[in-house]
Amino acid sequence: MSNNAGNIRNITLVGHASKGKTTLCEAMLNIAGATERQGKVLDGNTVCDFDAEERKRKIGISSAVASIKYKGKDINFIDTPGLFDFAMGSAEGIRAADTAIIVVSARSGLAVGAEKAFKNAGSKGLARIFVTTKMDDARADFYKSFNGIVAKFGTQVCPVVVPVLSAGEVRSYYNMIEDKAYVYENGTKKEVTPEPADVPRFEAIKAVFAEAVASSDEELMEKYFEGEELTKEDKIKGVSLGIADGSIIPVFALSGLTGVACDMLLDFIADVCPAPKGEYAIDSEGEPVELTADENGPLAAVCFKTVSDAFVGKLNFFKVVSGKITASTVPYNANTGREEKMGKLVKVFGAKQNDVAELKAGDIGAITKLSGFSTGDTMCTAANVVKLDGVVVPTPTYKMAIKATAKGEEEKIASGLMKLCEENPSLVFTNNTETREQIISGLGEQQLEVTVSRLKERFGVNAKLETPKVAYRETITKKVSAQGRHKKQSGGHGQFGDVFIEFEPYDTDKLVFAERVVGGSVPKNFFPAVEKGLNECMESGVLAGYPMVGVKATLYDGSYHPVDSSEMSFKMAASLAFKEGISKAMPVILEPIVTLKAFVNDDAMGDIIGDINKRRGRVLGMTPTGDGYQEIIAEVPDGEMTTFSTSMRQITQGRGSFETEFARYDRAPEHIAQRVISES
């Protein structure tokens with residue numbers, strides 16, 4: 001490995017699904033000589049889509065790392081999935097990289113996934129590059145795509161490699177930095193004279209580049225305004241400064257599938273893209289400390305990804321921000337406060353692992369069998385504890401109940417899911433003790449389907465997904481009195497308990513028990529037994545067997561037998577009174593209501609509000625959050641929320657997001673109550 005963090009490049013490929021990220025990565029790995037031939041996603045033989053599920057579905061599901069050497073630089077590529085269900089992979093890539101390549105199809109132009117990736121990468125301070133790939137497609141239109149990107153992101157968008165068009169055909173690719181045009185024929189590249197059909201447009205786009213480069217530096221600005229030609233070195237300097245501070249967002253036209261013009265992007269990564277930079281961490285006192293990408297600094301590395309595979313074992317991927325990790329490092333986890341035992345250090349190339357002696361500041365690698373680390377944890381030393389920012393985990397909003405198809409395999413499901421959740425923190429597994437269901441929450445339908453598939457493949461458990469049950473409640477709406485009399489005579493001691501209890505609606509979650517017994521008709525020592533009997537009955541209501549809330553019970557009279565009365569007989573008497581009284585007190589079904597906070601793009605507002613109304617929801621307020629979004633606050637019955645995440649994604653095209661939290665219980669409308677009762 002090179003000694004200097006300045007020679008490291010950490011690059012993540014992000015963007016919308018099926019726009020060519022993996023294909024582009026494959027092309028660059030091949031050009032760099034890291035593979036003998038370029039694999040194809042459809043053939044299932046690419047370096048980065050090596051997981052069985054990815055090969056089966058022909059899509060990326062998790063992030064993958066491929067580390068190579070090129071032009072004296074150590075380049076770590078992190079290929080990420082584009083489907084929103086697998087957004088965790090994109091979050092991992094953005095946490096570990098210093099540059100994000102946002103891949104756009106020259107055929108279909110800017111897509112929502114690219115907009116989101118641009119925003120996420122920007123919020124983490126990454127350098128950003130747009131690539132319009134699929135230039136080999138007959139329907140590709142670079143300038144339309146380019147104008148779409150400029151319209152959305154403004155004038156910092158700067159062309160670096162553009163197609164030279166004549167009669168609607170791509171004649172060559174022009175590189176602004178080198179001021180040269182190239183054609184690619186049968187895998188060879190040769191320089192040609194650019195002959196654009198639309199000369200004014202070609203000159204205008206060159207001027208856009210020159211101005212962007214010049215405005216990144218005062219010296220270059222002077223040179224430019226004095227009419228001097230900027231040299232290749234000037235341009236590299238200007239673009240390097242601009243890409244690092246975000247004032248320049250380069251755009252490259254290429255074809256990942258044919259590999260055409262991908263070499264120019266690869267050269268740009270090596271020559272121009274920023275090296276890893278320092279970060280702020282929090283020390284043990286909670287104070288910020290600045291770390292630099294120096295291998296001799298204190299150790300600080302962030303775990304940005306975890307793989308928990310039955311065959312590979314556990315693998316934690318780290319980005320070393322400062323210091324270095326060697327075999328003799330004693331890893332201390334700043335998040336758990338524990339020291340762990342060091343595993344084996346490896347550099348990763350897709351599914352392959354290559355042993356290395358150390359990982360230095362700025363670099364990315366993985367460590368095997370490091371049991372106590374999870375995604376987002378910081379590795380440091382016990383002598384110098386610092387905590388880095390973790391990974392931004394997308395909030396899971398899509399919930400399903402997961403059931404074993406064979407009886408008695410619930411334990412196996414639970415232990416398999418624990419491992420899969422460790423690998424992907426956007427997956428959350430819980431046991432709902434009330435509905436007695438195992439619940440799995442994620443980012444969408446596909447993610448949960450893949451989870452079920454992995455359970456079978458990795459852990460040999462067959463499971464199916466079902467709509468989760470809703471935790472309804474029951475309560476009463478009228479004040480009543482009831483008598484409960486328990487009398488049993490069977491040789492020797494009998495059993496006798498007799499109570500009169502008043503039941504009334506009351507604002508409470510638990511039973512409120514009171515007594516106003518006069519003249520000792522029920523001795524004090526039996527009160528706890530009466531209360532206990534009532535509490536046990538509260539666990540299951542009379543309508544559909546759901547737990548009861550909102551009941552006050554007052555014991556006001558009764559009778560006892562000096563020999564036959566016991567705690568047991570008064571408990572029985574209380575439960576008889578409960579069953580009779582609650583049935584007369586006009587019981588009703590209550591449904592859980594959640595508060596919904598949704599962030600929605602302006603043009604989807606009306607449709608989302610319509611969707612909320614259709615779910616019997618009530619919109620409480622709307623607030624513009626700027627940047628073309630609104631925050632909607634609403635209250636919606638929990639039972640209506642199952643498919644909301646799918647609707648939200650369809651209506652907003654994936655731009656919107658939401659979260660919910662439990663608000664309270666409300667009386668369910670008659671038709672819902674009838675359905676709940678008949679289903680029970």
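Predicted model: local features only at pLDDT ≥ 70, side-chain atom pairs only at ≥ 80, totals over all residues.
**Stop 1: the start of the chain**

Begin by selecting residues 21-31, which make up helix α1. This helix is mostly covered, with nine of its 11 residues buried. Colour K21, T22, T23, L24, C25, E26, A27, M28 and L29 to see the buried ones.

Now step just past the end of α1 to G33, which has a positive phi of about 85 degrees. You will find G33 in the loop between α1 and α2, the latter being residues 52-57. Is G33 buried or exposed? Its relative accessibility is 57%, and exposed means over 50%, so G33 counts as exposed.

**Stop 2**

Next, show the aromatic side chains. How many aromatic pairs does a search of the whole structure find? There are 17 of them. A pair of aromatic rings is described by the distance of the centres and the angle of the planes.

Select F118 and F130 to see a stacked pair, with 5.6 Å centre to centre and 15 degrees between the planes. This pair links distant parts of the chain: F118 belongs to helix α4 (residues 112-123), F130 belongs to strand β5 (residues 127-133), and they are 12 residues apart. Both F118 and F130 are buried.

For an edge-to-face pair, move to F142 and Y143, where the centres are 5.0 Å apart and the planes make an angle of 85 degrees. Why do these two count as buried? Buried means under 20% relative accessible area; F142 has 3%, so F142 is buried. Y143 is at 6% relative accessibility, so Y143 counts as buried too.

**Stop 3: charges over rings**

Keep Y143 on screen and bring in R201. The charged end of R201 sits over the ring of Y143, 3.8 Å from the ring centre. Then try K116 with F84: here the charged end of K116 sits over the F84 ring, 4.2 Å from its centre.

**Stop 4: salt bridges**

A search of the whole structure finds 44 salt bridges. Let us visit a few.

Select K324 and E295, whose side chains meet in a salt bridge at 3.8 Å, N to O. The pair links distant parts of the chain, 29 residues apart: K324 is in strand β15 (residues 324-326), while E295 is in the loop between β12 (288-291) and β13 (300-309). K324 is partly exposed, with a relative accessible area of 31%, whereas E295 is buried at 17%.

Go on to R615 and D611, where the salt bridge is 2.7 Å, N to O. Both R615 and D611 are buried.

Then pick R618 and E635, another salt bridge, this one at 3.7 Å, N to O. R618 lies in strand β34 (residues 618-626) and E635 in strand β35 (residues 629-637), so this pair ties together parts that are 17 residues apart in sequence. E635 is buried, with a relative accessible area of 13%.

To finish this stop, select D51, E423, R454 and R458 together: salt bridges that share partners join them into one network.

**Stop 5: a sheet and its helices**

For the last stop, switch to a cartoon view and look for an open sheet of four strands in the order β29-β30-β32-β31, with mixed pairing. Which strands are at the edges? They are β29 (480-488) and β31 (512-515), each of which pairs on one side only. On average, neighbouring strands of this sheet are turned by 25 degrees against each other, direction ignored.

Zoom in on β31 and β32 (residues 551-559): these strands run parallel and are joined by four bridges. Here you can find E515 opposite L555 in β32.

Helix α12 (residues 527-538) lies across β30 (495-505), β31 and β32, and runs at about 150 degrees to β31. Helix α13 (residues 567-584) lies across β29, β30 and β32, and runs at about 35 degrees to β30.

Definitions and conventions. Residues numbered from 1 in each chain as written. Heavy atoms only, no water. Pairing = 2+ DSSP bridges. Helix = DSSP H or I, 4+ residues; strand = E, 2+ residues; numbered from the N terminus. Axes fitted to C-alpha atoms, helices over the stretch in contact; angles between N-to-C directions. Contact = heavy atoms within 4.5 Å. Phe/Tyr/Trp six-rings, centres within 6.5 Å; stacked < 30°, edge-to-face > 60°. Buried < 20%, exposed > 50% of the residue type's maximum accessible area, 1.4 Å probe, protein only. Lys NZ or Arg CZ within 6 Å of the ring centre and 35° of its normal. Salt bridge = Lys/Arg side-chain N within 4 Å of Asp/Glu carboxyl O.
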